[in-house]
Amino acid sequence: MTSQIHIKHYKGPAGGWGSVQSLLRNAVRSRTRISTIDALLRQNKPKGFVCVSCAWAKPAHPHPAEFCENGAKATFWELTTRRATPEFFAAHTVSELRNWDDYSLEAAGRLTHPMRYDHLLDIYEPVSWESAFEEIGRELKGLRESEPKKVVFYASGRASLEASYMYQLLARLYGNNNLPDSSNMCHETTSVALPEVIGQPVGTVRLDDFEDADAIFFFGQNTGSNSPRMLHQLQEAARRGCVIVTFNPLKERGLERFTNPQHPIEMLTGGETKISHRYYQVKAGGDIAAVLGTCKSLFEREAASGGILDYAFIAEHCHGFDAFRAFVEEQSWGVLEKEAGLTRDEMEEAAAIYGRANAVMAVYGMGLTQHRLGVDSVQMLVNLLLLRGNIGKPGAGICPVRGHSNVQGQRTVGIAEKASLVPLDRLAELYGFEPPREDGMTTVDVCRGILDGEVRAFIGLGGNFLRAVPDTGPMEEAWPRMRLTVQVATKVNRGHLFNGDVAYLLPCLGRLERDEQATGAQVVTTEDSTACFHASKGRYQPASEHLLSEPKIIAELAKSTLPTNPLVPWDEWVADYGKVRNAIEATWPDMFQDFNRRMWTPGGFEKPLPARKREWKTETGKANFKVPKALSASFDSGTQQNVLRLITLRSNDQFNTTVYGYRDRFRGVEGTRMVIFLNPADMTRFGISEGADVTVETVSTDNVARSISGLRAVPYDVPQGCCAAYYPECNVLVPLWQHAEKSKVPAAKSVPVRIAAAGEGKDEAKLGRSVVS
């Protein structure tokens, strides 16, 4: 953390010179070798490598620099010359490292050796790969004989399709479907909501649709920080007259104004493009009501003059329309205004824009999925699209923006706790075993199992699971009660500092590094947010000669744990990843036909999306209108007074739990992450002055105290009754029980909290845990 804290309003656009300066700062801080800067010119390019950051689409005809600010930071920090060597771990006990903040852990650099945790000395010590696999295998064998259902195989969204396929097979051969992944924390809501209404678990939009859209409606997605390359498509759309409408509690600079760093004239003249033509600051959790109000206005316009709804599409392709219309028409404008936090005029204005557009695209992120009624929120957005036939035609459709670079692809190749999502009969046929048929554990289930002592082992293929999940304090306390914890990683993070009885930290190659196996340099593949598959080839010198690839580590874990199966050629797969792709194709022949050739298709080769062709793989055989359970997705505080809805969010200087620095340029915060953004009227109501230290406490129903102190109050343009603070620091406030119904995604976008100036009316000893920062 920097010694100076500055809070000031940022007046510039997204992109521009601010982005360039940020890249230069990170290139220096990460100590990236000058010789590797050319990596940026190969990023997201055909014959190059897929960015290790977000999953946004990779165009067939990319820009000269097809990378964004955050993607470049991820590349710099993967190619850093900093190293977390055995000497580093010998000099720092694990207890000491727990007091380091997330940025300092990231700045320790790349892991270089396999490490085993020594409980007596409280340090990680180097160990040979052979010894590591032998002991891990022995532990897993013992658990497999007695309690195979109590072992968890977690996967980060960064792992390739090849590694993910091998990993899911390892878990199922082991005897369970305990395969939670990053999707459980973000877009599992999408995977549950969309199959019920359009018959597929992913969106319907391709990159070319941005060229044909007349209007784009955004909900709960901060593209400026989370997927900045999308700004190229948005800028081009806005310039040709596409109307962009945003519903989001906070004003996000990337959805307001953008200066393209690749446009010399814009950079020299300070030119910028207005992105959103209308920006509606909906309450946290108020999206259902906001979309309902838009639909209500559409029905009223139809009744008054006709020509608004696409009755031909509805009659041929939809089910449940009459019940939905009846529900919408019985809603009162006063209630909708209260729940949405918008005026009737604003919702009618949005409806007018929607009604005039021939092709409308709906884009959303975790602002919809991370709510108690997240599934209803996503389905409500689909209802809006169906009213005018905006699925299955150019320029229209539903577009969930996934986070991590292959989180969608992992699900495609079997990383799923739901048995129904995986072709188990085909796996049984190919590999001669009986796969487990019962569902495995979601992320929430895993957390409960660890807290209850039911989970005995956790194998983590990348990620920072412990830092990303809710109820940080209790989870950190319970984690060491497991028998075995194994973490496959490129760098050290906080999740590696809490260890089971037997604990290993296994370093792997990064995606940008040369992966040399028996048949030569290897290629891996990923899937982007628009359901296109891409090849990715690393070319840089590995950070250490002791690193193994993820497929190699998975194969060795399998060989040390499972009985020999001649139908599973672990060694052949490691020698030639093309054979893994052949296995993927054999498992899903319709989807991956001719995989090894088509993976080099510029722009990626497309996964079949039936709903794009208006083929509805639903129970009714049609697209389904769904009536929401309630008008608000937020926690119902009932008669409780002075309760705010907390939104956890990321800064401009981080990706997921990875913190690259302490400068959130767009929100004007520098030198700290311990802030809370408050509406000025709420600050006056609670008697909190600007810059004051405040304590935030969760309004809980389980008699567990959850709080964090030392947050600096920052007045901000956030809806009254809402507040915002950074993730993962404020995960301590998110209760495990507060999650999306059906999908179990933690509901981190509307946490019920109370705030008070430090020491005011609070017994600090009873407030629970705060995050170390």
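This is a predicted model: local features need pLDDT of at least 70, side-chain atom pairs count only at pLDDT 80 or more; totals for chains, interfaces and linings use all residues.
Residues are numbered from 1 along each chain as its sequence is written, and side-chain values use heavy atoms, with hydrogens and water left out.

Visitor: Is Glu-162 buried or exposed?
Guide: Glu-162 lies in helix H8, residues 161-174; helices (H or I, at least four residues) and strands (E, at least two) are DSSP runs, numbered from the N terminus. Buried means under 20% relative accessible area, exposed over 50%, and partly exposed in between, with a 1.4 Å probe and protein chains only. Because the relative accessibility of Glu-162 is 0%, this residue counts as buried.

Visitor: Which backbone oxygen does the side chain of Arg-301 reach?
Guide: Arg-301 has its place in helix H13, residues 287-305, and is partly exposed, with a relative accessible area of 33%. Leaving aside neighbours within four places in sequence, Arg-301 is in contact (heavy atoms within 4.5 Å) with residues including Gly-306, Ile-308 and Glu-348. At 3.3 Å, its side chain reaches the backbone oxygen of Glu-348.

Visitor: Why is strand E9 largely enclosed by the rest of the structure?
Guide: Strand E9 spans residues 243-247. Five bridges join it to strand E8, residues 215-219, in a parallel arrangement, and three join E9 to strand E12, residues 278-280, also running parallel; two strands pair if DSSP finds at least two bridges between them. E9 is largely enclosed because, of its five residues, the number buried is four.

Visitor: What is the bridge partner of Thr-246 in E12?
Guide: E9 and E12 run parallel and are joined by three bridges. In E12, the partner of Thr-246 is Tyr-279.

Visitor: What is the angle between the planes of Phe-465 and Trp-479?
Guide: The structure holds 38 aromatic pairs; rings of Phe, Tyr and Trp (its six-membered ring) pair if their centres lie within 6.5 Å, and planes under 30 degrees apart count as stacked, over 60 as edge-to-face and the rest as tilted. Phe-465 and Trp-479 form one of these pairs, tilted and 5.9 Å centre to centre, with an angle between the planes of 40 degrees.

Visitor: How far does Arg-98 lie from the ring centre of Phe-498?
Guide: A charge sits over a ring if NZ of Lys or CZ of Arg is within 6 Å of the ring centre and within 35 degrees of the ring normal. Arg-98 lies over the face of Phe-498, and its distance from the ring centre is 4.0 Å.

Technical notes. A polar contact is a pair of N or O atoms within 3.5 Å; within protein, one must be able to donate a hydrogen and the other to accept it, and residues adjacent in sequence count only if both atoms are side-chain atoms.
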